[in-house]
Amino acid sequence: MQLIEERLRSLMLPSLAGDAAAYRIFLDELAAHLRSYLRRRLSGLPDEVEDLLQELLLAVHNKRHTYDPKQPLTAWVQAIARYKLVDLLRRRSRGDMLTDPLDEDDQVFATTANDAAEAQYDVTKLLRGLPDRQRLPIIYVKIEGASVTDTAVRTGMSESAVKVGIHRGLRALAERIRRI
Amino acid sequence: MKTEDLVSFLSTGAETVDLRLPSRRWLLALAGGALIAFLLTAGLLKLNPALWHETSKPMFWVRESYCAVLGVLGFITVVRLARPGLRLGLAPMGIPVAVIAMWVLAVVTLVTASPQTRTRLILGHTAGVCPFLIALVAAPLLIALLWVMRSLAPTRLRWAGAASGFTAGSIGALVYTLHCPELAAPFLGIWYLLGMLIPTAVGAWLGPRLLRW
């Protein structure tokens, strides 16, 4: 547990400072932990595992400004995972599908699972419903890998509008996924 | 969609994250909410003309500290509830302690007062309106705190809403003291507390409705 904490923190802190490569490794490793956790918790809803996993990763991304570097990262992730899991079950009104009650003992970071399935929705398809000022910055920066500066030139938006558009667009995506 | 594609989507072009953003938003909400609360108090209710004179009475400062201490304890709780996985610590437990301290002072005041003045110590001159006026003054603070809470990540929504309401109520009460002529401990222990509990209840109701993410 201590090792996982140190490993993930050593990736998260540079990620917060803008290191995209560290951030990708962080999300990859986090996904393996979360997938295994969700499979245990959602053994009655196997089709939901990859969907909720992606929703969780999007939540971690959208809410990463609420992580306090003084606090254990694993506790932060664990609280988000438990919140999203309860939220999903409430939305499905199927609290009975939970294998057993959510207890504090079941650790997100007990095991990992790398055998990914596919989620039923596609974030890139959900993008189509967003307004241009959010959709275009996301397509250029997040999918095509263009810089914020180039995107600003291509769209005629200011750089800060591009950043705001990405930020709001990802929040809107999370909201759409939650409502599916 | 494959999860590895989502990971690559999220990490591509990831920007630096401003970790001081939550604190800045909280301060902005407190300052903005308190300013509107003050304008409501000064404009709609009028400031207490005897305010300056009352600052020489010890009970004036007891009243100010009561509201301020509850506001600070509430605010610490709010800030912690907005971040996933943080322990709440001792601040929430300080709230009943401060309230009970005021009740003890109220009982002492009532016991030592002459019987014919006791009703006045409890009801003052404004008991009927005080809780509602505090709730009114607290409203802009509640809106501001919930607005910031929404941009963060509370995981206990009802508690997050209630704590926002209580903090708004206590700071609202502190602003309301600029208008309110009441200084008796029994009055503060009952009607001020009720005034703080109205936004607390509203916040607890709104929490699960407004704060989902």
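**Figure 1. Helices α7 and α8 of chain B, and why they are called oblique to each other.** In this predicted model, helix α7 (residues 130-151) of chain B packs with helix α8 (residues 157-176) of chain B at an angle of about 135°, and the axes of the two helices lie 7 Å apart. The crossing of α7(B) and α8(B) is right-handed. From α7(B), the residues that meet α8(B) include B:Leu133, B:Val137, B:Leu141, B:Leu145 and B:Met149, while among their partners in α8(B) are B:Gly161, B:Gly165, B:Ala168, B:Gly172 and B:Tyr176. Sorted by class, this contact of α7(B) with α8(B) holds 15 nonpolar and six polar residues, and no charged residues.

**Figure 2. The packing of helices α5 and α9 of chain B.** Here helix α5 (residues 91-112) of chain B and helix α9 (residues 185-210) of chain B meet at an angle of about 140°, with 7 Å between their axes. That angle makes α5(B) oblique to α9(B). On the side of α5(B), the contact is made by B:Val99, B:Met102, B:Trp103, B:Leu105, B:Ala106, B:Thr109 and B:Leu110, and on the side of α9(B) by B:Ala185, B:Pro186, B:Leu188, B:Gly189 and B:Leu193. Ten of the residues in the contact of α5(B) with α9(B) are nonpolar and two are polar, whereas no charged residues take part.

Figure 3. The C-alpha trace of chain B spans about 80 × 35 × 25 Å along its principal axes, and 46% of its 213 residues count as buried. If one takes the contacts in chain B between residues at least 6 apart in sequence, 87% of them join residues that are at least 24 apart.

**Figure 4. B:Val7 and its contacts in chain A.** B:Val7 is found in helix α1 (residues 3-11) of chain B. Is B:Val7 buried or exposed? A residue is buried if 20 or more other C-beta atoms lie within 10 Å of its own, and because B:Val7 has 23 other C-beta atoms within 10 Å, B:Val7 is buried. When its neighbours within four places in sequence are left aside, B:Val7 is in contact with A:Arg24, A:Leu27, A:Asp28, A:Ala31 and A:Leu57. B:Val7 and B:Thr112, by contrast, are 105 residues apart in sequence and lie 69 Å apart in space, C-alpha to C-alpha.

**Figure 5. The contact between chain A and chain B.** To this contact chain A gives 40 residues and chain B gives 28 residues. On the side of chain A that touches chain B, the elements that give two or more residues are α1 (2-16), α2 (20-41), α3 (49-62), α4 (73-91), α5 (123-126) and α6 (132-143) of chain A. The residues on this side of chain A divide into 20 nonpolar, ten polar and ten charged.

**Figure 6. Helix α6 of chain A and its surroundings.** In α6(A), the residues A:Gln134, A:Leu136, A:Pro137, A:Ile138, A:Tyr140, A:Val141 and A:Lys142 are buried. These buried residues of α6(A) pack against α7 and α8 of chain A together with α1 of chain B. Just after α6(A) comes A:Gly145, which takes a positive phi of about 80°.

**Figure 7. Helices α7 and α8 of chain A.** Helix α7 (residues 148-155) of chain A packs with helix α8 (residues 159-179) of chain A at an angle of about 100°, and their axes are 8 Å apart. Angles of 65 to 115 degrees count as roughly perpendicular, and α7(A) and α8(A) are therefore roughly perpendicular to each other. The contact brings A:Val148, A:Thr149, A:Thr151, A:Ala152 and A:Thr155 in α7(A) together with A:Glu159, A:Val162 and A:Lys163 in α8(A). By class, the contact of α7(A) with α8(A) has three nonpolar, three polar and two charged residues.

**Figure 8. The two domains of chain A.** The domain assignment divides chain A into domain 1 (1-120) and domain 2 (121-180). Eight residues from domain 1 of chain A and seven residues from domain 2 of chain A take part in the contact between them, and the C-alpha centres of the two domains lie 24 Å apart.

Conventions:
Residues numbered from 1 in each chain as written. Chains lettered and ligands numbered in written order. Predicted model: local features only at pLDDT ≥ 70, side-chain atom pairs only at ≥ 80, totals over all residues. Domains from an automatic or database assignment. Contact = placed C-beta atoms within 7 Å. Helix = DSSP H or I, 4+ residues; strand = E, 2+ residues; numbered from the N terminus. Nonpolar A, V, L, I, M, F, W, Y, C, P; charged D, E, K, R; others polar. Buried ≥ 20, exposed ≤ 12 C-beta atoms within 10 Å, placed from the backbone. Axes fitted to C-alpha atoms, helices over the stretch in contact; angles between N-to-C directions. Parallel < 35°, antiparallel > 145°, perpendicular 65-115°, else oblique. Left-handed = near helix turned anticlockwise from the far one by under 90°.
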